[in-house]
Amino acid sequence: MDGTETRQRRLEELGLLHALSTGRLPTVSEDGLLSVPESQRAAPKPLGPELSGETALSIGLQVTVPFLLAGLGLSGAGILLNYFQHWPVFTEVKDLLTLVPPLVGLKGNLEMTLASRLSTAANTGQIDDPREQHRVVGSNLALIQVQATVVGLLAAVAALLLGAASGQELDAVEAEVLCASSVVSASLAAFALGVLMVCIVIGARKLGVNPDNVATPIAASLGDLITLSLLALVSSFFHRHRDSQYLTPLVCVGFAALTPVCVLIAKQNPPVVRTLKFGWFPIVLAMLLSSLGGLTLNKTISKQPFQGMAVFAPVICGVGGNLVAIQTSRVSTRLHLQSTPGVLPLWMKKCWPNPRATFCSSETNSASARVLLLLVVPGHLLFFSIIYLVEGQSVPNDRTFVLLYLLAALLQVTILLYLAEVTARLTWHQALDPDDHCIPYLTGLGDLLGTGLLTLCFLGHWLLRDEAGLDGTLEPAPGPS
């Protein structure tokens with residue numbers, strides 16, 4: 001649900017019609033939402049029970065299980081990527097590895113944003129009516145299909161341009177395989193994960209669980225696995241049939257032909273039209289940030305100091321994006337419930353808060369930030385143990401590497417959680433919806449930060465090992481019990 005519709009309903013519920021005269025809120029007259037008779041207007045609605053009674057313990061209990069499930073999915077995605085990188089299509093189509101982070105990152109740009117919008121709508125009671133629910137769900141699913149098709153094609157073009165800029169030769173057949181694989185994988189993954197997000201948000205609402213705490217982690221748990229598997233299978237199919245002159249162009253044309261139909265469906269919901277018109281910049285910029293991370297992965301993954309990096313890249317990028325999406329969704333929900341767009345509440349007076357206030361205050365958002373930060377080390381240790389059990393000696397397993405890896409993960413998540421608070425305040429101050437504008441930026445930045453810090457982690461480990469004069473691994477850390 002777009003923030004415009006949320007704002008209109010808040011006007012009716014709180015009786016703040018005078019806010020229209022400030023010029024800060026967009027006016028949408030065709031819905032007739034602002035002309036409800038006084039006798040039919042709802043009374044001011046307090047926070048729901050799942051929000052008003054939240055403590056650090058309750059947040060932790062709700063977040064931990066979905067977070068661990070997400071980590072298991074991310075660990076599986078890392079193991080799959082380590083396996084897929086040796087497939088002929090990945091070794092022959094060099095830019096395909098560059099495409100992995102932005103395409104996998106679409107779950108942050110599209111599905112997590114969808115989950116955040118629907119969670120905000122659920123917590124504000126906007127999808128309780130069955131007819132409204134069908135309209136909102138259909139238009140949002142159509143929206144992410146349009147976004148997935150366009151961004152999938154742009155991600156392939158960006159991967160090709162980055163490859164050419166780094167000195168790789170541009171092959172026309174490989175370019176066709178890359179574009180077709182990206183568009184098909186992005187579209188199919190967006191549809192499957194979109195339907196899943198709708199079911200999770202509606203189910204969580206009926207069970208009295210805050211969807212903000214569970215929807216985005218579950219999107220992450222399956223998003224990487226589904227998208228990466230689809231990319232490998234689809235690209236292998238097109239690579240085997242690369243001699244078929246018309247196959248890949250026809251596939252691209254077919255998906256392009258479906259786009260106008262999805263646009264018409266999305267236009268049934270006026271708030272979604274706003275996202276369709278003005279929501280492209282965040283997801284395109286996020287895609288470019290992820291592509292830079294993909295280029296880093298592509299250029300380092302086959303070199304000796306970075307052996308095993310493919311396994312950890314989806315995990316560190318996915319965990320950071322997962323946690324920051326939870327925090328952003330929670331901040332956005334509270335802003336929608338407790339304020340009006342363009343006006344920050346009293347407890348968020350500063351657009352650039354003190355980092356200490358972000359993590360150490362008694363405010364609910366600060367408590368959730370602490371909970372999410374506390375999940376980083378035990379979560380990564382568990383995921384590392386799973387990867388080590390599967391991959392064995394093919395990944396670094398000494399204490400020095402584990403320490404460097406945990407430090408990189410903590411630094412990444414700390415930066416992202418602080419930026420979640422900052423970007424949510426800045427976008428709300430500009431009367432923009434954080435659900436649509438913050439999560440893509442932050443997940444894209446999470447991919448870039450995660451890949452960069454992971455590269456430094458492997459490089460630092462290699463230099464320390466080389467300085468110690470060891471040609472094997474250092475003293476291994478104790479294996480998982």
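This is a predicted model: local features need pLDDT of at least 70, side-chain atom pairs count only at pLDDT 80 or more; totals for chains, interfaces and linings use all residues.
User: Why are helix 3 and helix 13 called roughly antiparallel?

Analyst: Helix 3 covers residues 56-84 and helix 13 covers residues 309-338, and the two pack at an angle of about 150°. Angles over 145 degrees count as roughly antiparallel, so helix 3 and helix 13 get that name. Their axes lie 8 Å apart, and the crossing is right-handed.

User: Which residues of helix 3 and helix 13 make the contact?

Analyst: Helix 3 brings residues including Ile59, Val63, Phe67, Ala70 and Leu74. From helix 13 come, among them, Ala310, Val311, Pro314, Gly318 and Arg330. By class, the contact of helix 3 with helix 13 holds 15 nonpolar, five polar and one charged residue.

User: What makes helix 16 and helix 17 oblique to each other?

Analyst: The axes of helix 16 (residues 376-391) and helix 17 (residues 399-429) cross at roughly 135°. The ranges with other names are under 35 degrees, 65 to 115 and over 145, and the rest counts as oblique. The angle of roughly 135° falls in that rest, and helix 16 and helix 17 are therefore oblique to each other. Their axes come within 10 Å, and helix 16 passes helix 17 in a right-handed crossing.

User: How many residues of each class are in the contact of helix 16 with helix 17?

Analyst: Val376, Val377, His380, Leu381 and Phe384 of helix 16 meet residues of helix 17 that include Phe401, Tyr405 and Val413. The contact has 11 nonpolar residues, one polar residue and no charged ones.

User: How many cavities of 30 Å³ or more are there, and what is the volume of the largest?

Analyst: The count comes to six cavities of 30 Å³ or more. A volume of about 200 Å³ belongs to the largest cavity, while the second largest cavity holds about 70 Å³ of space.

User: Which residues lie nearest the centre of the largest cavity, and which helix gives the largest share of its lining?

Analyst: The lining of the largest cavity has 20 residues, with Pro101, Val104, Pro314, Cys317 and Asp447 nearest the centre. Helix 13 gives the largest share, five residues. Other elements that give two or more residues include helix 5 (95-104), helix 9 (211-240) and helix 18 (434-467). The lining of the largest cavity divides into 11 nonpolar, six polar and three charged residues.

User: Which helix gives the largest share of the lining of the second largest cavity?

Analyst: That share, four residues, comes from helix 6. Helix 6 and helix 7 (130-165) each supply at least two residues of this lining. By class, the lining of the second largest cavity has three nonpolar, five polar and two charged residues.

User: What makes a space a pocket and not a cavity?

Analyst: In a cavity the probe fits but cannot get out, whereas a pocket is an open set of points. The largest pocket holds about 320 Å³ of space. Among its 16 lining residues, Gln85, His86, Leu97, Ile301 and Ser302 lie nearest the centre. Helix 4 (88-92) and helix 12 (280-300) each supply at least two residues of that lining.

User: How many polar residues line the largest pocket?

Analyst: The lining of the largest pocket has 10 polar residues, along with three nonpolar and three charged ones.

Technical notes
Residues are numbered from 1 along each chain as its sequence is written. Side-chain values use heavy atoms; hydrogens and water are left out. Axes are lines fitted to C-alpha atoms, for helices over the stretch in contact, and angles run from 0 to 180 degrees between N-to-C directions. A crossing is left-handed if the near helix is turned anticlockwise from the far one by less than a right angle, and right-handed if clockwise. Contact means heavy atoms within 4.5 Å. Ala, Val, Leu, Ile, Met, Phe, Trp, Tyr, Cys and Pro count as nonpolar, Asp, Glu, Lys and Arg as charged, and the others, Gly among them, as polar. On a 1 Å grid over the protein atoms alone, a cavity is a set of points where a 1.4 Å probe fits but cannot get out, and a pocket is an open set with protein on both sides within 12 Å along at least five of seven lines; lining residues have an atom within 4 Å of a point. Grid points are joined across faces, edges and corners, and a volume is the space filled by probe spheres set on the points.
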